[in-house]
Amino acid sequence: MDWLFYENEAKNKGYTVICGIDEAGRGPLAGPVFAAAVILPEGHIIEGVNDSKKLSEKRREALYNKIIDECVCYSIGTASEKEIDQINILQATFLAMKRAVDGLEIKPDLALVDGNRVPPLNTDVETIVKGDGKSASIAAASIIAKVARDRYMLKLAEQYPQYEFERHKGYPTKLHYEKIYEYGISDVHRISFLKKVLENNE
């Protein structure tokens, strides 16, 4: 598989600075959604980089540091659980992506985005379905976003130990629902994701 196919195609079209973008945390019941934007050196593949979902936590952690060391620049953007409730998860994901791109030290002229929806960015956008398994830049962004969010959820686990965020990272697992029913909804939960729980408690 050619990990740089999309990057090279973009270069052939005249683009010079290409970033990959991916998100982590669209599905959880708690915590922010994270997005990362990564610009790799031209023609460079970071050994071991793959779709973050196909890697172990230990491997992701090791690659996170490697990506930061070897990339041209990277940036992480987030949208809070409150913003998710206000504008919905898709728009909040777009907002996190925009914040990630706006935070890059070098401005890209093209963003390769995982998925099939085009976020409103201050640059040209090309979407790639399952891009985290096809593009080196997007795969790198998927790892940065996933590790950054997992680390954040471990901090929340210290603040809210009763929910055991360290075990499920806020995702809708059986354990997480049990903790919500036992302790109620915290101020880091996404109310819009928990309407059925609220209805059952009324």
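1. Four aromatic pairs are counted, a pair being rings of Phe, Tyr or Trp (its six-membered ring) with centres within 6.5 Å. Planes under 30 degrees apart count as stacked, over 60 as edge-to-face and the rest as tilted. This is a predicted model: local features need pLDDT of at least 70, side-chain atom pairs 80 or more, while totals for chains, interfaces and linings use all residues. Numbering starts from 1 along each chain as its sequence is written, and side-chain values use heavy atoms, without hydrogens and water.

2. Phe34 and Tyr152 form a tilted pair, 5.8 Å centre to centre, with 55° between the planes. Phe34 lies in strand β2 (residues 33-39) and Tyr152 in helix α5, so the pair ties together parts 118 residues apart in sequence. Helices (H or I, at least four residues) and strands (E, at least two) are DSSP runs, numbered from the N terminus. Phe34 is buried at 6% relative accessibility; Tyr152 is partly exposed at 32%. Buried means under 20% relative accessible area, exposed over 50%, partly exposed in between (1.4 Å probe, protein chains only).

3. Tyr163 and Tyr183 pair edge-to-face, because their planes stand at 70°, with centres 6.2 Å apart. Tyr163 is buried at 2%. Tyr183 is partly exposed at 44%. Ring pairs link Tyr163, Phe165 and Tyr183 into a cluster.

4. Ser137 lies in helix α5 (residues 136-159). Ser137 is buried, with a relative accessible area of 2%. Beyond neighbours within four places in sequence, Ser137 contacts Glu7, Cys19, Gly20, Val38 and Leu40 (contact: heavy atoms within 4.5 Å).
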